[in-house]
Amino acid sequence: MKSVGDANAGFTADFDPESGAVRVRGWGFWNAAVSSSFPTAVYEVCKASPKGSALIMDMDDLKPLRE
């Protein structure tokens, strides 16, 4: 599992063998370091997963603007 950030802002990316999908979850207001690591981290998990795996992204808790 890839995990970037902390409890306030970040994301996880992992292959779920039960569903056969790469699951990505994001939350909070990302700073530049978290944002810039997102594409590489997700790519690495996808590349290590079986070919043809679905990609499911849950970004409901991602904040587009500061509160």
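D61 is partly exposed, with a relative accessible area of 44%. In this predicted model, D61 forms a salt bridge with R25. That is one place to start; the structure holds three salt bridges. There is also an open sheet of four strands, and a helix, α1, lies across β1, β2, β3 and β4. The largest nonpolar core has eleven residues.

**The sheet**

- The four strands follow the order β1-β2-β3-β4, and their pairing is mixed.
- β1 (2-5) and β4 (54-62) stand at the edges. Each has a single partner strand, so one side of each is left without a neighbour in the sheet.
- On average, neighbouring strands of this sheet are turned by 10 degrees against each other, direction ignored.
- β1 and β2 pair in the antiparallel sense, over four bridges. The two strands form a hairpin with four residues between them.
- K2 has its bridge partner in β2, namely A13.
- β2 and β3 also run antiparallel, paired over seven bridges.
- Two positions show how β2 faces β3. D16 stands opposite A21, and F15 stands opposite V22.
- The hairpin of β2 and β3 has four residues between the strands. There, G20 takes a positive phi near 70 degrees.

**The helix against the sheet**

- α1 runs at about 5 degrees to β2.
- V45 shows contacts beyond its sequence neighbours. Leaving aside those within four places in sequence, V45 is in contact with K2, A13, D14, F15 and V22.

**The nonpolar core**

- The eleven residues are A9, F11, A13, V22, V24, W30, V34, F38, A41, V42 and V45.
- β2, β3 and α1 each supply at least two residues of this core.
- α1 gives the largest share, five residues.
- In soluble globular proteins, nonpolar side chains tend to be buried together.

**Aromatic pairs**

- The count comes to three aromatic pairs.
- F11 and W30 make a tilted pair, 5.5 Å centre to centre, with 50 degrees between the planes.
- This pair links distant parts of the chain. F11 sits in strand β2 (residues 10-16), and W30 sits in the loop between β3 (21-28) and α1 (32-48), 19 residues apart.
- Both F11 and W30 are buried.
- F38 is buried, as is F11.
- F11, W30 and F38 form one aromatic cluster. F11, W30 and F38 are also among the residues of the largest nonpolar core.

**Salt bridges**

- K2 and E44 meet through their side chains, at 2.5 Å from N to O.
- K2 is partly exposed, with a relative accessible area of 31%. E44 is partly exposed too, at 36%.
- R23 forms a salt bridge with D16, and their closest N and O atoms are 3.2 Å apart.
- R23 has a relative accessible area of 37% and is partly exposed. D16 counts as partly exposed at 23% relative accessibility.
- In the bridge between D61 and R25, the closest N and O atoms are 3.7 Å apart.
- D61 lies in strand β4 and R25 in strand β3, so the pair ties together parts that are 36 residues apart in sequence.
- R25 is partly exposed, with a relative accessible area of 36%.

- K2 has A13 as its bridge partner in β2, forms a salt bridge with E44, and is in contact with V45.
- D16 stands opposite A21 in β3 and forms a salt bridge with R23.

Definitions and conventions: Residues are numbered from 1 along each chain as its sequence is written. This is a predicted model: local features need pLDDT of at least 70, side-chain atom pairs count only at pLDDT 80 or more; totals for chains, interfaces and linings use all residues. Side-chain values use heavy atoms; hydrogens and water are left out. Rings of Phe, Tyr and Trp (its six-membered ring) pair if their centres lie within 6.5 Å; planes under 30 degrees apart count as stacked, over 60 as edge-to-face and the rest as tilted. Buried means under 20% relative accessible area, exposed over 50%, partly exposed in between (1.4 Å probe, protein chains only). Two strands pair if DSSP finds at least two bridges between them. Axes are lines fitted to C-alpha atoms, for helices over the stretch in contact, and angles run from 0 to 180 degrees between N-to-C directions. Contact means heavy atoms within 4.5 Å. A nonpolar core is a set of buried Ala, Val, Leu, Ile, Met, Phe, Trp, Tyr and Cys residues joined through side-chain atoms within 4.5 Å. A salt bridge is a side-chain nitrogen of Lys or Arg within 4 Å of a carboxyl oxygen of Asp or Glu.
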